[in-house]
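Let's walk through this fold together, one feature at a time. Ask away as we go.

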Amino acid sequence: MTEITRVPIQPIAKGSLAKLWLGVAAAVALAGGLAWASLPKGVDVDVVAEGAGASPAKTDVVFIRYTGKLADGTVFDQSQDVNLPIEGLLPEGSPLPLSRMIPGFAEGVVQMKKGGKYTLFIPGEKAYGPEGQKDQQGNQVIPPNADLTFDIELIDFMSEADFQRRIQVLQQAMQMQQGQGAQPGGEGPPMPAPPPAPAPE
């Protein structure tokens, strides 16, 4: 019969077991930290002034005032209110359909509430990515992989269907006003078309 060699195991000194567990916990935390660091960064929304009520959905059109900046503080875009001839038809601010915005912008705005003011941080991979953004003349406006910051005031939001319905009402009203202005006895010249909303990115 074969005899099994016995390896003498020394008793664990007092306090060593706690050190062993601390070492294991540190190794697990380090591994978790490395895994976390390799994940893509998410958007970050800082509340400047809290809004109230519901938040917009990713398919809504939001009406906002915003300033977009690069990491060094350079302003690359700023909203302008669209002045429409029929007051009360559409809210103030710039209308932006979230379904056509860069991923990080939509991801951040759906965390906001009507009437609130926020600072939105978007990492480069959720902004314009490795290509960046050029203007119509081909000048690089946003560098490749640039992190972006937006100061945003969320004035209001509505579904895209509701937005399109209101635009149709506006167009019909303007056509009627232009027709009246062209006829004898019409008051004044035809009303000009409203300026176009900012093109979505």
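Predicted model: local features only at pLDDT ≥ 70, side-chain atom pairs only at ≥ 80, totals over all residues.

Q: How many helices and strands does the protein chain have?
A: Helices (H or I, at least four residues) and strands (E, at least two) are DSSP runs, numbered from the N terminus. Here there are three helices and eight strands, in the order α-β-β-β-β-α-β-β-β-β-α from the N terminus.

Q: In which sense do S2 and S3 pair, parallel or antiparallel?
A: Two strands pair if DSSP finds at least two bridges between them. S2 and S3 (residues 75-78) have three bridges in the antiparallel sense.

Q: Is Thr67 buried or exposed?
A: Buried means under 20% relative accessible area, exposed over 50%, and partly exposed in between (1.4 Å probe, protein chains only). Thr67, in strand S2 (residues 60-70), counts as buried because its relative accessibility is 17%.

Q: With which side chain does the side chain of Thr67 make a polar contact?
A: A polar contact is a pair of N or O atoms within 3.5 Å; within protein, one must be able to donate a hydrogen and the other to accept it, and residues adjacent in sequence count only if both atoms are side-chain atoms. For Thr67, the partner is the side chain of Gln78, at 3.3 Å.

Q: What about Thr119, buried or exposed?
A: Thr119 has 14% relative accessibility, so it counts as buried. You'll find Thr119 in strand S5 (residues 117-122), and its side chain has a polar contact of 3.3 Å with that of Asp151.

Q: Which residues does Thr119 touch?
A: Contact means heavy atoms within 4.5 Å. Leaving out residues up to four places away in sequence, Thr119 touches Asp44, Val45, Asp46, Val48, Thr149, Phe150 and Asp151. Thr67, on that basis, has Thr149, Phe150 and Asp151 among its contacts.

Q: How many residues are in the largest nonpolar core?
A: In soluble globular proteins, nonpolar side chains tend to be buried together. A nonpolar core is a set of buried Ala, Val, Leu, Ile, Met, Phe, Trp, Tyr and Cys residues joined through side-chain atoms within 4.5 Å. The largest one here has 27 residues, and those with the most contacts inside it are Phe105, Leu120, Leu148, Phe150 and Ile152. S2, helix H2 (103-109), S5 and strand S8 (148-159) each give this core at least two residues. S8 supplies the largest share, five residues. Apart from this core lies another, of eight residues, including Val61, Leu89, Leu90 and Phe163.

Q: Which residues form the aromatic cluster?
A: Rings of Phe, Tyr and Trp (its six-membered ring) pair if their centres lie within 6.5 Å; planes under 30 degrees apart count as stacked, over 60 as edge-to-face and the rest as tilted. The cluster is made of Tyr66, Phe76, Phe105 and Phe150, and the structure holds four aromatic pairs.

How values were computed. Residues numbered from 1 in each chain as written. Heavy atoms only, no water.
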